[in-house]
Amino acid sequence: MKTAKQSIDLEYKGTKKRLNLRTALISLCMFAFVGTSAQTGTVTVKLRNASVKELFSAIEKQTSYRFSYRDAEIKGKGNVTISATNRELKQLLEGELSKLGLKYAVSGNKIIVTPAAAAASAQPKKVTGKVVDANGEPVIGATIKEQGTANGTITDFDGNFALDVADNAMLEVSYIGYKSQELKAVAGKTLSVTLREDTEALDEVVVIGYGTTKKSDLIASVSSVKGEVIRSAASTSINDALQGKIPGLDIVSSRYEGDNRDVYIRGSRSLKAGNTPLVIIDGVPGDMYNINMNDVESVEVLKDAASAAIYGSQGANGVIIITTKRGNSSGKTTINYDAFYGIDIPHFMDMMPAEKFLQLKRDVYKLENNCWGEDIPDEKIFTNDQLDMIANNEFYDWQDIIFRNGSTMKHNISISSGNEKTKFSISGAYERNQGYNQNSEARKYFLTSTVDHKLTKWMDLGATIRFRQRRSSGFSEYGQALFYGTPLCRPYDENGDVITYPNPDEGSVSVLGDFIDGQYEKDTENMNFNSVFNVTIRPIKHLMYRTNLGYTYNSTKESYFYGSQSFQVNGGVNRAGRENDSDNRITWNNTLTYDNYFGKHHIVVDAIQEIIKYQIDDISAEGRSMDVEDMTYYNLGILTENIGIKSSYSGYQLASFMGRIRYSYADKYLFNFSVRSDGSSRLAEGNKWATFYSAGAAWRVSEEEFFKDIKWLSNLKLRYAYGMVGNQAIDSYVTLGQLDSYPYQFGSAGTGFYGYRPSALANKDLGWEITRTHNIGIDFGFFQNKLSGSVEYYHTTTDDLLMDRAIPVTTGFSMITQNIGKTQNTGVEVSLNANILQRKDFSFNMFFNFAVNNNRL
């Protein structure tokens with residue numbers, strides 16, 4: 001079986017001034033100045049008659065800090081002689097740099113060195129300037145900061161700024177999405193600053209399993225889509241927004257709202273254990289349908305076994321990681337509101353025109369009566385009623401009668417605020433969808449709240465609470481019955497009432513019976529509650545511990561009533577029923593991370609532990625023949641026939657232990673290795689535990705010295721990864737023998753009761769379904785990444801498939817679940833991004849994805 005997928009997205013951005021203005025308003029609300037503080041830690045430095053650069057180099061080798069300075073400002077500062085053992089870095093820097101007439105400031109892991117002020121009594125001077133982009137458009141809300149201080153400002157609506165600074169001050173100009181610039185402050189002159197877009201984005205942070213990494217450090221196959229791309233889609237569904245954005249991600253299009261169709265990552269692997277990828281939301285398993293699309297910050301897709309192996313058995317079919325937005329620490333309050341309205345036009349097959357249908361009836365009559373070639377009058381072929389319709393040109397298109405154009409409306413509002421210690425956000429959304437069916441509608445409500453608090457310098461607390469409710473009614477599938485409505489089938493009589501049997505040649509009740517008041521009720525209510533609490537502790541430098549505790553509760557109530565005139569009962573007696581399902585999941589994971597630089601060496605070590613407990617129960621009641629149809633499904637006790645009451649419960653647990661090592665040298669040579677052991681309660685004793693591995697390596701060729709002179713090549717990286725994962729997504733009790741109840745009658749009175757007999761054969765050898773993947777990839781970028789992309793080839797095999805196998809019925813059973821069979825998926829994925837045209841009020845970008853998958857059983 002071969003599948004191929006190709007898509008091209010064209011992006012048009014008009015009225016750029018208006019977009020920049022909106023961005024500026026948000027930036028004004030989010031902006032704040034944060035003073036830097038000297039760093040802690042000790043270093044050992046022993047130098048004699050060394051240069052200032054050698055001092056900086058000695059410190060960089062022992063810490064994760066990097067020095068930023070101008071050669072002209074440290075030139076001629078004299079030599080350094082120092083003998084310090086385990087001295088505080090702050091003390092050493094203040095002592096040595098002051099001797100040289102220098103000062104410093106810390107920004108992240110960067111130590112910025114500038115000349116000290118010539119005199120403490122020097123008067124500040126005012127500098128002015130204007131910040132524009134490459135097209136000469138004012139950049140509104142850009143940050144202008146005096147290096148080494150908390151002194152700063154932002155540009156106004158014309159891109160202008162004014163700031164009082166000290167003599168010889170250095171300014172840093174920055175704005176989100178642009179490369180920062182440093183320049184010397186000059187009083188009495190209007191500075192002109194042109195910011196260039198950060199097109200490389202190689203330092204963009206990408207979310208991976210239980211952590212993050214730079215995009216340039218990726219080895220396995222991971223694709224990322226930012227929240228603004230998702231929100232720009234003309235849809236309210238995350239699935240629809242992801243269509244065509246990621247090669248290898250195949251999303252079956254929804255037919256209607258709430259139609260949660262299948263999602264595949266690089267084809268199908270399993271025949272029984274499922275092919276649905278794992279969805280992680282803010283660190284714990286979740287469901288993408290329960291997320292407000294406006295809350296999404298980014299979506300990462302882990303496509304190969306090497307990237308998904310850290311999730312073990314849960315990542316057998318790939319992983320989709322969704323990160324949601326948090327509050328801001330600007331000290332300002334940001335309020336956003338947006339609305340969306342769209343028309344959904346169904347695309348159905350063209351029905352046969354009336355003239356062709358009439359000729360078809362004539363031809364069929366001649367064939368059936370062996371009179372082909374003869375002139376047969378219509379009176380022998382059509383009924384009198386049909387003849388009247390033909391004479392009056394009265395024909396009907398039943399698709400137009402039953403269906404309509406749908407519509408989607410959504411309102412979203414969010415509030416975000418906070419300061420350096422505490423930040424929070426709250427968002428709500430209301431969505432209404434009118435379906436294609438005349439009587440179908442769905443309403444959804446979203447509420448999300450987040451809070452993050454810096455309890456101490458070494459401890460952070462965070463919480464997310466998310467609620468979603470969906471209510472739908474009226475939807476029905478008619479299938480083949482749609483074709484029973486021919487152009488000669490009159491839907492209503494002269495009184496406007498539905499004709500029960502519109503087609504005399506078919507015995508089916510009219511589908512319009514469901515549109516009669518009180519004859520069709522089908523209501524569904526879904527409620528989802530999700531909460532995530534996390535604690536992050538940094539006990540010592542380079543070491544971080546994070547724990548996540550997640551709880552998810554889902555409840556679904558389905559109720560129906562089909563009256564005696566409805567299409568659903570097709571002329572039979574009415575029936576009604578209700579079903580309540582609920583499930584809950586508790587997830588607790590703990591991650592200990594060591595992250596440190598040793599000169600050109602960078603190592604990250606993760607130790608992870610996780611437990612998951614899941615349980616589900618449901619209860620249902622249904623029956624037939626309700627004397628008072630006005631009660632619909634609200635009083636099932638008055639049903640008199642075929643009464644059925646059912647209930648069930650199931651659950652499973654999963655325990656996991658993981659380790660991962662990521663190493664890079666000079667940001668050119670990258671390696672990683674991970675191992676995970678999973679224990680599942682679903683599998684048989686002796687086979688509950690399995691261990692999964694992954695490893696990979698990458699070479700950033702463009703960082704080599706011999707490539708520096710190739711100006712047109714911005715990025716080139718070769719990578720290879722191998723990984724294995726398992727699948728245990730089967731029913732919880734298939735490894736056990738099972739009993740089912742059966743009715744029996746005894747005696748002449750026919751007294752009945754239920755007995756039990758074996759219904760499923762136990763398999764004590766049932767084990768894991770194992771998937772192994774090899775992935776080779778090339779990442780590239782040309783002309784300052786104006787053209788960038790990747791090409792990947794993968795080879796995936798899945799062994800020991802979990803399948804039902806037929807066995808002789810003489811055993812008393814017909815099927816048993818076993819590990820048999822093998823599948824193979826191979827494919828190529830190509831992704832291209834082109835920044836074709838950038839103008840003052842117009843930009844044109846092209847995104848091209850191509851994927852081909854070859855599946856063998």
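This is a predicted model: local features need pLDDT of at least 70, side-chain atom pairs count only at pLDDT 80 or more; totals for chains, interfaces and linings use all residues.
In the whole structure, a search finds 24 salt bridges.

- Arg660 and Asp606 form a salt bridge in which the closest N and O atoms are 3.0 Å apart.
- This pair links distant parts of the chain, with Arg660 in strand E32 (residues 641-665) and Asp606 in strand E31 (residues 601-624), 54 residues apart.
- Glu610 and Arg676 are both buried.

- Arg266 forms a salt bridge with Glu792, and the closest N and O atoms of the two are 3.6 Å apart.
- The pair links distant parts of the chain, 526 residues apart, since Arg266 sits in the loop between strand E18 (263-265) and strand E19 (278-281), whereas Glu792 belongs to strand E39.
- Arg266 and Glu792 are both buried.
- A network of salt bridges links Arg266 and Glu792 with Lys303, Lys717, Arg719, Asp779 and Glu829.
- As a general point, side chains of opposite charge can pair when their charged atoms come close.

**The nonpolar surface patch**

- A nonpolar patch on the surface is formed by Trp699, Phe706, Leu718, Tyr720, Ile776, Ile778, Val791, Tyr793, Val828 and Val852, which together have about 820 Å² of accessible area.
- Strand E35 (713-727), strand E38 (769-782) and strand E39 (787-799) are the elements that give two or more residues to the nonpolar patch.
- One of the patch residues, Val828, has its place in strand E42 (residues 822-838).
- Val828 is partly exposed because its relative accessible area is 30%, a value between the limits of under 20% for buried and over 50% for exposed.

**Strand E35 and its neighbours**

- Strand E35 is mostly covered, given that 12 of its 15 residues are buried.
- On one pairing, E35 and strand E34 (residues 689-700) run in the antiparallel sense over 7 bridges, and Trp699 stands opposite Leu718 in E35.
- Trp699 and Leu718 both belong to the nonpolar patch.
- E35 is also joined to E38 by 14 bridges, and these two strands run antiparallel.
- Within the strands named here, Ala721 stands opposite Asn775 in E38.

**Helix H4**

- In helix H4 (residues 89-99), the residues Leu89, Leu92, Leu93, Glu96 and Leu97 are buried.
- Seen down the axis of H4, these buried residues fall within an arc of 100°, and they therefore line one face of the helix.
- After H4 comes Gly101, whose phi is positive, near 70°.

Note on methods:
Residues are numbered from 1 along each chain as its sequence is written. Side-chain values use heavy atoms; hydrogens and water are left out. Patches are made of residues with over 30% relative accessible area and no salt bridge: like charges are joined within 9 Å, nonpolar side chains (Val, Leu, Ile, Met, Phe, Trp, Tyr) within 5 Å. Accessible areas come from the Shrake-Rupley method with a 1.4 Å probe; for residues, only the protein chains shown count as cover. A salt bridge is a side-chain nitrogen of Lys or Arg within 4 Å of a carboxyl oxygen of Asp or Glu. Helices (H or I, at least four residues) and strands (E, at least two) are DSSP runs, numbered from the N terminus. Buried means under 20% relative accessible area, exposed over 50%, partly exposed in between (1.4 Å probe, protein chains only). Two strands pair if DSSP finds at least two bridges between them. The arc is that of the directions from the helix axis to the C-beta atoms.
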